[in-house]
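Please consult the sequence and structure shown below.

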Amino acid sequence: MHQLSHILKYKVISGIKLKLEPRWNTVMKNLASVVVFDGFAIGAYFFSYNLTSYLIEEARIGQFLLHRFLSMFLFVFFITISLGNILVSYSTLFKSPEARFLFTQPVSHFKIFLIKFLDNFFYSSTTFFLMGFAVIAGYGAYFGHPWYFYPLMMFGVFIPFMLLAACVAVIVLLLVIRFTEYVNVKHLAAFFVIGYLGVVYVFFHSVSPVALVNNVLEHYPDVDQYFTGFDPWFLKYLPSHWLAELLYWSVQGSSQYVLLNAGLLLLCVGGIFGGAMMVGRRMYYQSWLLTINKRETRPSTKRNLTSGIIDLYADSIFPRSISVLLKRDLIRFLREPGQWVHFVLMLLLVTVFLFSVSSLEVEFNDPFLMTVVYLVIFLFNAFLVAAIALRFVYPMMSMEGEALWSVRSAPLNMLRIYLIKGITATTILLVIAQVLTYVTVVSMYSNYPLILFSMMAQLMSVLTIVGLNLGLGSYFAQYNEKNPIRIASSQGASLTFLVVLLYLIFMVSLYTPFITGYFEQVLIFSRSPAGWMIVPLLLSGAITIMLAGTATLLGVRAVSRDV
Amino acid sequence: MIHLQNVVKKFGSFTAVNNISLHVGKGEFFGFLGPNGAGKTTTIKMMTGLFSPTSGTITIGGYDVVKQPNRAKSNIGYIPDHPFLYDKLTGREFMAFVGGLFNIKGNSIKEQSQRVIDHFEIGEWVDRLTEEYSQGMRQRISIAAALLHDPEVIVIDEPLIGLDPASAKTVKDTLKSLTHRGVTIFMSTHSLHIVEELCDRISIIKDGKIIYYDTLDKLDTFRERTDGKFESVFIELTK
């Protein structure tokens with residue numbers, strides 16, 4: 001125990017010293033983090049408060065449905081956290097130099113596992129803690145819960161719930177690695193991915209949100225009853241459901257059921273945490289050796305210089321210094337399964353979204369309702385682009401890695417490298433964004449002014465999103481981190497994503513009166529004018545120049561600084 | 001060929017390099033020595049464009065590294081102390097990449113690469129991904145890549161780290177033969193026997209300041225005060 005606290009003490013000291021480093025970009029990162037995270041937490045608070053208020057008072061869905069929606073959200077949240085933890089904990093537990101160092105010291109394997117597990121949990125969950133607290137505060141404030149509700153919910157329920165997801169993730173990860181001794185790792189990984197997707201599919205197929213809403217609303221206005229008969233049988237075994245039930249009964253004032261669900265959750269967390277520690281104690285070192293062994297004994301294959309457009313010797317339409325940079329990035333992307341598999345998965349997600357949306361019918365006579373639907377789709381399209389940008393554009397400069405010396409010592413302007421990355425990212429994301437916009441808007445609204453506006457608005461969004469991600473990704477570049485997933489989930493990346501979200505929310509509020517005005521013209525006066533779009537697009541362009549320009553200035557200065 | 005004039009590099013309030021001036025002529029093999037943290041790597045990084053000097057001027061082949069960085073860097077072949085490479089490229093691809101950055105045409109890179117691959121006898125593993133390489137293999141690839149564009153100046157930071165004796169000999173012979181062809185070598189190292197073996201002139205830096213700058217022969221006055229070995233002289237000077 002003394003040794004464990006000794007190591008943790010030095011980790012904390014090192015972390016604090018890193019945070020308090022008197023360097024301009026560290027200070028700026030910390031200050032900006034405080035401002036943006038606090039701003040976002042306040043936003044999350046009001047969003048949670050107003051959404052609860054809207055669903056209860058305007059939509060009148062009742063408390064049962066509200067908490068069933070919460071249950072569904074918490075289930076997806078649990079799966080997402082769990083999947084994210086698997087990816088991050090692989091790097092933390094098996095690829096970290098710190099773990100490698102500790103294994104050479106007289107420190108037990110279990111202690112190393114525990115240290116790295118906690119490291120991983122706090123590293124990947126800190127943002128969620130803050131946002132979770134803000135959402136709980138907004139929800140609690142609406143229902144007028146007493147002051148002790150908040151710390152109890154946060155520390156007694158929400159953090160344990162997230163810990164549960166992390167424990168499940170680490171158990172799955174250790175089992176996957178252990179079984180790679182017997183089963184091909186790609187097959188095993190595919191099995192677990194399909195397993196996770198299957199669980200989500202079965203969940204929503206069984207819970208059937210639409211049927212649930214119809215069933216409950218049949219009893220309108222008595223929608224606050226406890227319609228437990230509509231729940232599928234397995235729901236009562238899910239921790240996400242216990243958490244939602246706990247919230248439901250806390251609103252109903254039944255402390256007996258609150259304690260029952262809290263007890264179930266904490267017992268489950270305790271059990272699974274114990275299980276994770278047991279699995280860690282028994283399997284971590286063996287799994288660690290196995291990954292090392294796999295890496296060292298991997299059959300060494302000679303690779304001929306790739307042919308076709310990625311042949312590094314071949315001349316192209318670009319100057320050689322540019323074409324080798326482009327080809328190098330493409331080769332590295334294609335040879336890193338973590339990169340292209342993620343990209344393919346994200347494109348699949350985009351495709352599924354496109355199919356789902358293209359079959360929707362949105363013919364309302366209310367201009368405001370039409371505006372809401374249009375802006376929700378616009379926001380979702382932009383959100384997909386933002387997610388892809390965070391994962392692939394933000395780490396672009398960091399991915400130059402410690403081999404940056406080879407580029408910096410060459411007769412090449414760093415601004416050119418920056419622009420190459422920016423143009424590549426913008427081109428790819430622009431194609432994705434325009435396909436998304438075209439399919440969703442054309443399939444739902446067949447009027448050209450709106451299609452044109454949507455495409456122009458998405459162009460501005462893409463330019464801003466790429467500008468922010470590349471600029472701030474360069475400013476906060478971590479050249480010594482090889483894992484792009486860790487880079488994309490770092491403090492700087494979270495900050496960038498929050499800035500992008502704030503930007504998108506601002507854009508939606510900017511567009512709202514113009515779009516509403518347009519739908520009024522279409523629905524009330526049967527006209528389809530085009531002139532209305534000039535002002536919002538000009539404003540949008542100005543915001544793009546301001547945000548993307550500032551981020552680019554920061555980024556360009558950052559890539560030219562001492563390395 | 002290399003001129004450093006009153007060069008200063010500060011990191012906040014800490015002065016890493018304090019007003020140093022050096023001149024290295026064409027075809028000269030110049031040794032740059034000093035204890036750990038003396039400012040050797042900082043100086044080299046300023047010469048190769050990885051750091052910008054706080055004040056002073058550095059010119060390579062007549063070009064100022066701050067004002068005409070691309071011209072200056074075109075003349076340099078840089079070999080860092082830690083030869084990090086791109087894990088997912090092979091050694092041959094890395095060379096093709098670096099050659100491309102120096103705007104060498106595809107066919108020329110192919111020929112030049114093959115020439116250095118044969119010279120350093122790395123053909124057996126040059127087509128494997130660099131993530132499989134040992135430190136010595138990485139070092140040999142970075143040396144090979146630095147020679148591709150026939151630089152007039154080679155700046156090399158600890159050239160023989162991780163190299164086996166045979167490879168070390170090849171590297172030493174190569175560098176020496178390059179000076180005979182008029183290439184200037186600026187080498188930072190802790191290996192004093194290599195300095196004695198190869199260098200025409202040396203400079204010793206301590207706490208960011210040059211404390212010795214001349215030929216090895218001129219150290220004789222210091223040798224008399226010690227047991228005569230260069231190692232003892234170096235320790236005495238840098239105390």
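Glu400(A) is buried, with 1% relative accessible area (buried means under 20%, exposed over 50%, partly exposed in between; 1.4 Å probe, protein chains only). The model is predicted: local features need pLDDT of at least 70 and side-chain atom pairs count only at pLDDT 80 or more, while totals for chains, interfaces and linings use all residues. Residues are numbered from 1 along each chain as written, chains are lettered from A and ligands numbered from 1 in the order written, and side-chain values use heavy atoms, without hydrogens and water.

**Salt bridges**
- Over all chains, 19 salt bridges are found (a side-chain nitrogen of Lys or Arg within 4 Å of a carboxyl oxygen of Asp or Glu).
- Lys421(A) forms a salt bridge with Glu400(A), with the closest N and O atoms 2.9 Å apart.
- Lys421(A) lies in helix α15 and Glu400(A) in the loop between α13 (367–392) and α14 (404–408), so the pair ties together parts 21 residues apart in sequence (helices are DSSP runs of H or I, at least four residues, numbered from the N terminus).
- Lys421(A) is itself buried, at 4% relative accessibility.
- Asp329(A) also forms a salt bridge with Lys421(A), at 3.4 Å between the closest N and O atoms.
- That pair links helix α11 (residues 320–335) to helix α15 (residues 414–444) of chain A, 92 residues apart.
- Asp329(A) is partly exposed, at 26%.

**A further network**
- Salt bridges link Lys11(A), Glu98(A), Lys116(A) and Asp119(A) in a network.

Definitions and conventions:
Helices (H or I, at least four residues) and strands (E, at least two) are DSSP runs, numbered from the N terminus.
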